Structure formats: structure tokens, C-alpha cells
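Me: Hi! Could you walk me through this model? I'd like to start with a helix and go from there.

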Amino acid sequence: ILYALFTNGRLTKSREENIKINEIYTPSVEYIRELYTKISDSRMLIKSWVHIDKISSTPDKIKLQDFHSKDYPALIDSLYKLSKDGTSDSHKVMLQNIDITIKDTLFPKHEYIMSQLSSFELYEDPFVIFEATSMVEDRGEVMEATAKTLAKINELLVDQENFIISKRDDMAASFDKIRNFNFIMLFVLILVAVIVSTILTMSLSTPINRTKNMLLSISRGIL
């Protein structure tokens, strides 16, 4: 009974952890990677907004607008939902920090440039172009904000990947405990079997020997 309870408990826990890894932790990693890629791509899109796409509704402009209005809200919402179902406390804190950084720092810089260059005529204003260009240069405000955001997302990604590794290690350790317990139970069962066999042999040999001696005595005429 103890063996069954121990094994069932360990297997149930491992099964639950495996479900979480497949349905929560791993999808979370995929969403984080997607967020990293989209934030990285936004550097090219905002540069394109300043230097290339002077007319409205170009594919890159629409892509950047959709990222702000649709893609990012959907991504961060999915990550928040997954974080409620068993991710680490550090994961939750880092995710909130990334969300704040994007919404309060990076996106406002994007939106400022997008509003300053919202029509073809505004591209003819040298002061507007100069300011926007300086913001998207390699050491400009937008590029630095993007780099900091990417660093935070990468830190979150590493944290989540390490979290998954630790959970898988826990599962492996649990299976090792079950295996070791099986070896112990096997040894105990063999030992018990030997002891019981010895006791039975001794308990049976005594009356058999007594009967044998009695028969020998009778055969010799000794009553």
C-alpha cells in the first residue's frame, strides 16, 4: 500500500509538471521569442518610416501601426495569462517591467515620430526630419530604448528557459526516486522471501525429522 501511494503520488506530480511544461512554460518561451523578434524588427520599421516611406499606408507603416495596436496587445495579454498559471515570481516581475518599458518609453517615442511624419508634406520640413533622423540613428533615443527593451526581454527569456530546465530536472529527480524506491522494495521483498522460506523450511523439517526418527525406531522394534 505504501509503495502504491508513493509511486502514484510521484507519477501524478510528474504528470502535472509535464502538462505545465507543454501547455504553459514552453508556449510562454515561444511568445517571448516572438516579442523579441517584433521589437527587434520595429527598429527597421521606424527607420523606414523616417527615411523611406514618405507616403501613408505603405506596408511597413501599416506593419508598425498593427504592431502597436494589435500584435503587441495580443502578445502581452497571452504572456500575462500564462504567467498566472505557474510561472516564477521573478518571471512575473520582469514581464511587468518589460510591459511598462514598452508602453511608457519605447512606444511613445515611436508614436512621436509617427505623428511628426504623418503626412507627405511634413517630410518637407527640415527641422522635423532632423529631429526624427537623430532619434533613429544608432545612438538615438529610439535605438537606445529598443536595445534596453531587447536586453530585458532576453533576460526574461533566459529566466523562463532556466525555469523549464529546473522543472525538467525535478521530474528526472522524481523518476530517480521512484527507481531507487523500486530497488529498495525489490531488495526488501527478496529478503522477506528468504526469511519466510527459511522459517517455513525449519518449521517443516522439525516434524518431518521427528516422524522419520519415529519410523526408524518402530522399524528397529523400539517403541
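Me: Where does H2 bend, and by how much?
Reply: H2 bends by about 55° at Phe 67, taking the bend as the angle between axes fitted to the seven residues ending there and the seven starting there. Helices here are DSSP runs of H or I with at least four residues, strands are E runs of at least two, and both are numbered from the N terminus.

Me: Before we go on, what should I know about the model and the numbering?
Reply: This is a predicted model, so local features need pLDDT of at least 70 and side-chain atom pairs count only at pLDDT 80 or more, while totals for chains, interfaces and linings use all residues. Residues are numbered from 1 along each chain as its sequence is written, and side-chain values use heavy atoms, with hydrogens and water left out.

Me: Thanks! How many helices and strands are there?
Reply: The protein chain has five helices and zero strands, and from the N terminus on the elements run α-α-α-α-α.

Me: Back to Phe 67. Is that residue buried or exposed?
Reply: Phe 67 is buried, and so is Tyr 72. Buried means under 20% relative accessible area, exposed over 50%, and partly exposed in between, with a 1.4 Å probe and protein chains only. Other buried residues in H2 include Leu 64, His 68, Leu 75 and Ile 76.

Me: How many aromatic pairs are there?
Reply: The count comes to three. Rings of Phe, Tyr and Trp (its six-membered ring) pair if their centres lie within 6.5 Å; planes under 30 degrees apart count as stacked, over 60 as edge-to-face and the rest as tilted. One of the pairs is Phe 67 with Tyr 72, edge-to-face at 6.2 Å centre to centre and 80° between the planes.

Me: And why is the pair of Phe 67 and Phe 107 called edge-to-face?
Reply: Because the planes of Phe 67 and Phe 107 stand at 85°, with the ring centres 5.6 Å apart. Phe 67 lies in helix H2 (residues 59-83) and Phe 107 in helix H3, so this pair ties together parts that are 40 residues apart in sequence. Both of these Phe residues are buried, and Phe 67, Tyr 72 and Phe 107 form one aromatic cluster.

Me: Nice. Where does H3 bend?
Reply: At Phe 107, by about 35°, and a proline, Pro 108, follows within four residues. H3 covers residues 89-116, and its 28 residues reach 40 Å from first C-alpha to last, close to the 40 Å expected at 1.5 Å a residue. That expected span is 1.5 Å times one less than the number of residues.

Me: Switching topic: what does Ser 28 touch?
Reply: Leaving out residues up to four places away in sequence, Ser 28 touches Leu 79, Leu 82, His 91 and Gln 160, where contact means heavy atoms within 4.5 Å. Ser 28 is in helix H1 (residues 2-51) and is buried, with a relative accessible area of 1%.

Me: What about Ser 57, buried or exposed?
Reply: Ser 57 counts as exposed, at 57% relative accessibility. Ser 57 is found in the loop between H1 and H2 and has a positive phi of about 60° although it is not a glycine. Most residues other than glycine have a negative phi.

Me: Last one: how much of the whole chain is buried?
Reply: Of the 223 residues of the protein chain, 31% count as buried.
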